[in-house]
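Visitor: I'd like to walk through this model with you, one feature at a time. Could you give me the general idea first and then the case at hand?

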Amino acid sequence: MDQTRAGEASSAIETRGIEPVPDSERRGRVRELFPTWVAANISVLLLTMGAGLVVSNGLDFYQVLLVAILAPVVSYGIVGFLAIAGKRGGAPGMTLSRAVFGQRGNLFPGAVTWIARWGWETINAVTGAYAVLTILNLLFGIKSNTVLIVVTLLFFVGCTFTVSGMGRVVLLLCNKWSAYLFGAFSVAVLVYLIGHTHWSQVFSRPGGSTAALIAGVGTIAAGGISWAPSGADFARYLPRRASDKGIVGNTVGGAGIVVVPLVLMGAVMAVGTPDLASATDPVSFIGKLLPTWISVPYLLIALIGMLLINSMSMYSAGFTAQTLGFRIPRAAAVSVNAVISLVFGSLLMIVATSFISSFISFLTLLAVSFSAWIGVFGVDMLHRTSYDAKALMDTSRSSAYWYKGGFAWQAMTAWAAGLAFGLCFTSVSWFSGPLASSWPGRNGLGWAVTIVVSAVLYGVLPRRRPSRTPDTEPAEATEAAATV
């Protein structure tokens with residue numbers, strides 16, 4: 001064992017920041033992405049969203065099944081494709097984005113991504129806190145109050161900060177075991193539902209409209225799309241020879257194996273929760289529908305899953321903060337998001353009257369905000385095979401990614417135009433764009449419009465063709481065994 005490998009093996013805490021990972025340290029395995037994306041979807045929110053497809057969208061069981069299959073294929077197909085950039089450049093996604101937008105230009109999509117992460121982490125923290133409150137109520141009859149809400153949020157956010165601060169090795173280990181445990185308990189819940197559900201009521205529900213079905217795909221897919229800028233963060237330790245198909249396949253497969261059954265289970269549970277759409281608590285319905293001997297351990301495992309989701313999000317958010325120029329260690333950058341999610345989470349739990357309405361509105365806007373970056377970055381990937389490691393870290397005028405005044409005007413134009421057009425087709429509870437009543441708007445396709453506009457515009461604007469950079473080590477130097 002060489003000195004580098006020995007050092008890695010003896011320490012579980014990742015100290016590397018946004019700097020590209022040298023080829024000599026890229027010993028990751030493509031198969032590690034499968035449990036990573038399993039863990040990224042271990043959330044009872046998928047049960048809630050599956051129930052919402054029935055309660056709010058009016059879909060029948062077979063339509064929900066179609067939504068549950070299409071959504072992860074579309075969203076995590078995008079995540080997996082963009083994750084390929086991680087193995088090409090060895091850096092986090094928003095750091096690689098400097099090569100596309102310019103050193104200064106990248107601050108704009110980077111800031112939007114970082115702010116959006118606050119919302120996602122807040123939603124997860126709130127859901128985790130509600131899971132704790134539900135468990136306390138089921139076991140000890142303890143009712144929720146303001147002090148207890150703050151305490152449970154503090155507990156959840158504190159655990160999240162600890163795991164995310166340790167880094168990649170700890171996340172991989174936790175992801176693996178939580179995937180096994182959650183899978184086992186999900187099977188137990190599924191068996192219970194099969195034996196105790198009034199299936200005639202489930203299958204007798206009338207189907208919803210095509211527009212409601214398409215909107216449902218967009219709603220479920222929005223959660224996956226939010227991971228698009230982070231895909232490269234979890235692929236940066238893969239060797240350059242790692243299989244592109246394997247990266248995409250493990251990303252989609254890991255997400256799909258969780259999303260499909262949980263969404264379907266939520267749809268089945270919706271038969272007994274017709275008031276779910278207006279509920280302030282997205283978790284307690286599980287305790288009402290399942291016996292305590294199933295609901296408590298299931299919520300405990302789900303709590304661990306939601307903690308890991310937030311840990312992965314904060315892990316990526318730390319990189320984004322460093323990319324924006326905050327000269328602090330990654331763990332310190334993570335602490336900023338922890339404090340923000342604690343403050344915003346308290347407001348959402350104490351003040352908000354409808355969690356589901358707030359959550360769906362947030363998901364819709366989240367998907368649009370990330371989609372503008374996806375369109376530009378994705379098109380750039382089609383023409384780029386490598387990244388200049390030195391230029392990525394050089395934020396001065398001498399950087400090869402400085403372009404004009406620090407901006408790549410083609411990327412900035414396409415990104416801004418895509419974002420503006422997407423918002424025009426978007427409608428949420430407190431905002432409605434001028435084109436929200438159009439066909440794309442009615443079908444919840446604002447995020448798709450955003451991707452198409454930004455991608456097409458960036459594709460047709462004249463720009464310098466990227467050339468292969470000399471800084472990368474030869475692909476022959478990587479370990480072929482690490483590609484499977």
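Visitor: What should the 15 residues of helix 20 (residues 446–460) span at 1.5 Å a residue, and how far apart are its end C-alpha atoms?

Guide: The expected span is 1.5 Å times one less than the number of residues. For helix 20 that gives 21 Å, and the end C-alpha atoms are 21 Å apart, so the two agree. A word on ground rules: this is a predicted model, where local features need pLDDT of at least 70, side-chain atom pairs count only at pLDDT 80 or more, and totals for chains, interfaces and linings use all residues. Residues are numbered from 1 along each chain as its sequence is written, and side-chain values use heavy atoms, with hydrogens and water left out.

Visitor: How many helices and strands does the protein chain have?

Guide: Helices (H or I, at least four residues) and strands (E, at least two) are DSSP runs, numbered from the N terminus. Here the chain has 20 helices and two strands.

Visitor: Which residues of helix 20 are buried?

Guide: Buried means under 20% relative accessible area, exposed over 50%, and partly exposed in between (1.4 Å probe, protein chains only). In helix 20 the buried ones are Gly446, Trp447, Val449, Thr450, Ile451, Ser454, Ala455 and Tyr458. When you look at such a list, remember that an α-helix has 3.6 residues a turn, so residues three or four places apart point the same way. Over the whole protein chain, 58% of the 484 residues count as buried.

Visitor: What does serine 371 touch, leaving out residues up to four places away in sequence?

Guide: Contact means heavy atoms within 4.5 Å. Serine 371, found in helix 16 (residues 355–382), touches Ile225 as well as Trp447, Thr450, Ile451 and Ser454. Serine 371 is itself buried, at a relative accessible area of 0%.

Visitor: And where does phenylalanine 203 lie?

Guide: Phenylalanine 203 is in helix 10 (residues 199–203), and at 41% relative accessibility it counts as partly exposed. Setting aside neighbours within four places in sequence, its contacts are Phe61 and Tyr62. Phenylalanine 203 and tyrosine 62 are 141 residues apart in sequence, yet 8.5 Å apart in space, C-alpha to C-alpha. For the chain as a whole, 88% of contacts between residues at least 6 apart in sequence join residues at least 24 apart.

Visitor: At what angle do helix 4 (residues 61–89) and helix 12 (residues 244–269) pack?

Guide: Two packed helices are described by the angle between their axes and the distance between the axes. Axes are lines fitted to C-alpha atoms, for helices over the stretch in contact, and angles run from 0 to 180 degrees between N-to-C directions. Helix 4 and helix 12 pack at about 150°, with axes 7 Å apart. That makes the pair roughly antiparallel (under 35 degrees is roughly parallel, over 145 roughly antiparallel, 65 to 115 roughly perpendicular, the rest oblique).

Visitor: Is the crossing of helix 7 and helix 14 left-handed or right-handed?

Guide: A crossing is left-handed if the near helix is turned anticlockwise from the far one by less than a right angle, and right-handed if clockwise. The axes of helix 7 (residues 107–140) and helix 14 (residues 292–323) come within 9 Å and cross at roughly 160°, which makes them roughly antiparallel. Their crossing is left-handed, whereas helix 4 passes helix 12 in a right-handed one.
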